[in-house]
Amino acid sequence: MAPHDSNTFGGAVTETGLLDPRDRRTETRAALRAWLALQQRLAYEPARAREALARHGTPAAVLRARFDVAPEDLLGDRAFTAMLEALARSDVRLLPFGAPAYPSRIAALPDAAPLLA
């Protein structure tokens, strides 16, 4: 994956690729929802998630292609807001696979998580 391709991260690229749940920008919120929905759907199948990301490019595209759902279908507004609030309270940032700051030693693992917290 290209480290600074906005499609890779669902539209919310920072220099490191970190996604901040306190960021209110629309593109960041959309990327967060897509990554969290993908993680929710494929949390126990990281190799499958990475393969799908390599093929389809973004978490939202994976969800559409593989499961015929949008991130909003899996993670509705109430659940998404609650999840963001919990992450923000804990001062958590999310790091998607392929982001510039994603640790290369973890990325080299065949079952590396698509999303680190």
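This is a predicted model: local features need pLDDT of at least 70, side-chain atom pairs count only at pLDDT 80 or more; totals for chains, interfaces and linings use all residues.
Helix H1 spans residues 26-42, and helix H3 spans residues 59-67. Their axes lie 8 Å apart, at an angle of about 45°. H1 is therefore oblique to H3. The crossing of H1 past H3 is left-handed. On the H1 side, the contact is made by Ala-34, Trp-35, Ala-37, Leu-38, Arg-41 and Leu-42. H3 contributes Pro-59, Ala-60, Val-62, Leu-63 and Phe-67. By class, ten residues of this contact are nonpolar and one is charged. No polar residue takes part. The charged class includes Arg-41 of H1. An α-helix has 3.6 residues a turn, so residues three or four places apart point the same way.

Burial in H3 was examined next. Pro-59, Ala-60, Ala-61, Val-62, Leu-63 and Phe-67 of H3 are buried. The cover over these buried residues includes H1. It also includes helix H2 (46-56) and helix H4 (71-74). Asp-68 follows H3 and has a positive phi, near 55°.

Aromatic rings were then considered. A pair of aromatic rings is described by the distance of the centres and the angle of the planes. The model holds one aromatic pair, counted with centres within 6.5 Å. Phe-97 and Tyr-102 form this pair, with ring centres 5.1 Å apart. Their planes stand at 75°, so the pair is edge-to-face. Both partners lie under the 20% cut-off for burial. Phe-97 counts as buried because its relative accessibility is 12%. Tyr-102 is buried too, with a relative accessible area of 6%.

Definitions and conventions:
Residues are numbered from 1 along each chain as its sequence is written. Side-chain values use heavy atoms; hydrogens and water are left out. Axes are lines fitted to C-alpha atoms, for helices over the stretch in contact, and angles run from 0 to 180 degrees between N-to-C directions. Helices (H or I, at least four residues) and strands (E, at least two) are DSSP runs, numbered from the N terminus. Angles under 35 degrees count as roughly parallel, over 145 as roughly antiparallel, 65 to 115 as roughly perpendicular and the rest as oblique. A crossing is left-handed if the near helix is turned anticlockwise from the far one by less than a right angle, and right-handed if clockwise. Contact means heavy atoms within 4.5 Å. Buried means under 20% relative accessible area, exposed over 50%, partly exposed in between (1.4 Å probe, protein chains only). Rings of Phe, Tyr and Trp (its six-membered ring) pair if their centres lie within 6.5 Å; planes under 30 degrees apart count as stacked, over 60 as edge-to-face and the rest as tilted.
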